[in-house]
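These are my notebook entries on a structure that I looked through one topic at a time. I wrote down what I looked up and what I found.

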Amino acid sequence: MEIRILPSPIGQIDKPLASHERIDLALADDGATLVGVGTFKRTVMYDTRSGVTSSGPEMQDGKTGGAYVVPLGDGLDLRAQPPSQWIRRRYLNEFQIKCQLTAYFTTGDRIWVSAQERGTYSFHTARRVWRKEGDWELPFYHRALFVPELDSLCFGFCSKRRHLLAVDVQQSPPVVRYTWEDTFPKWVNENGNVCCLMPKGGLVYLGASKFCIAWTVLMDMVDGQRKNFIHLMAVQIIKTSTLSGKKQLRIVKRKVCCYKMPSHGLMAHVF
């Protein structure tokens with residue numbers, strides 16, 4: 001596969017001097033603002049239109065293991081990585097539930113989360129009420145995307161094999177409707193002696209039934225050094241019908257490419 005060079009960056013978020021800070025980012029609902037949560041209590045916002053970085057409210061505690069940032073309306077939801085907890089911050093008010101979370105997605109005013117060996121819960125962000133949905137867990141690995149225009153299915157990575165799934169979350173327990181094993185980069189497995197994937201991939205919905213899938217690949221080079229690459233796959237979900245008239249979804253690969261990361265880069269994400 002051809003390895004490409006990344007284009008020049010259009011912006012950056014500065015880190016504090018003499019510190020190894022991790023910043024977890026998400027794209028806000030306005031489609032133009034990146035919201036970040038650092039490991040040392042700080043929050044930042046980056047406007048992709050103007051290139052201006054501004055500081056947000058300081059968190060009450062640090063997120064040494066990182067956090068999942070979930071913009072929702074005019075609020076901001078964070079999930080700290082293990083030991084895990086959900087925190088919603090709006091006008092400096094908070095709530096939290098401590099547990100080990102395995103998967104999550106949002107739909108409307110509700111956040112769904114699965115907790116290891118505890119089942120699945122949802123939180124209504126307007127009413128501020130938790131509800132247990134069942135003793136089962138969502139079949140996803142971390143974040144999934146609910147897409148109403150694609151038969152109201154939820155799309156995410158399989159919790160075991162990391163390929164793309166489409167799940168009917170309106171059923172209890174949820175039902176896997178489609179599984180696309182070829183969305184996992186097989187060439188990594190075929191070259192397992194020289195490369196591997198970082199455990200967390202990225203999935204973003206681009207609209208018009210199109211998705212982008214991203215993986216960070218670690219590869220051992222012939223000179224003995226290990227370098228990181230970004231593996232990107234663009235796919236489109238197409239609605240079709242069988243000969244019997246049954247409607248179904250079919251996936252089409254539009255493009256696959258690989259980019260070399262900067263020497264200081266560790267992981268890549270898509271928004």
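Which residue in β11 does Phe105 stand opposite? I found that Phe105 stands opposite Trp112 in β11. Before going further I noted that this is a predicted model, in which local features need pLDDT of at least 70 and side-chain atom pairs count only at pLDDT 80 or more, while totals for chains, interfaces and linings use all residues. I also noted that residues are numbered from 1 along each chain as its sequence is written, and that side-chain values use heavy atoms, with hydrogens and water left out.

Two strands count as paired if DSSP finds at least two bridges between them, and the elements themselves are DSSP runs numbered from the N terminus, with strands (E) of at least two residues and helices (H or I) of at least four.

**Entry: strand β3**

Next I asked how many residues of β3 are buried. In β3 (residues 33–38), six of its six residues are buried, where buried means under 20% relative accessible area, exposed means over 50%, and partly exposed lies in between (1.4 Å probe, protein chains only). In a regular strand the side chains alternate between the two faces of the sheet. For β3 I listed Thr33, Val35 and Val37 on one side and Leu34, Gly36 and Gly38 on the other, and both faces are covered.

I then looked up the partners of this strand. Five bridges join β2 (residues 23–27) to β3 in an antiparallel arrangement, and the bridge partner of Ile23 is Gly38. Five bridges also join β3 to β4 (residues 43–47), again antiparallel, and Leu34 stands opposite Tyr46. The hairpin of β2 and β3 has five residues between the strands, and Gly31 there takes a positive phi near 75 degrees. The hairpin of β3 and β4 has four residues between the strands, and Lys41 in its turn has a positive phi of about 80 degrees.

**Entry: salt bridges**

Side chains of opposite charge can pair when their charged atoms come close. I searched the whole structure and found six salt bridges, each being a side-chain nitrogen of Lys or Arg within 4 Å of a carboxyl oxygen of Asp or Glu. One of them joins Asp47 and Arg49 at 3.3 Å, N to O, and Arg49 is exposed, with a relative accessible area of 61%. Another joins Glu133 and Arg131 at 2.8 Å; here Glu133 is buried at 18%, whereas Arg131 is partly exposed at 40%. In a further one, the closest N and O atoms of Glu181 and Arg161 are 3.5 Å apart. This pair links distant parts of the chain, with Glu181 in the loop between β17 and α1 (186–190) and Arg161 in the loop between β15 and β16 (164–168), 20 residues apart.

**Entry: Asp151**

Last, I looked up Asp151, which is found in the loop between β14 (140–147) and β15 (153–158). Asp151 is partly exposed, with a relative accessible area of 43%.
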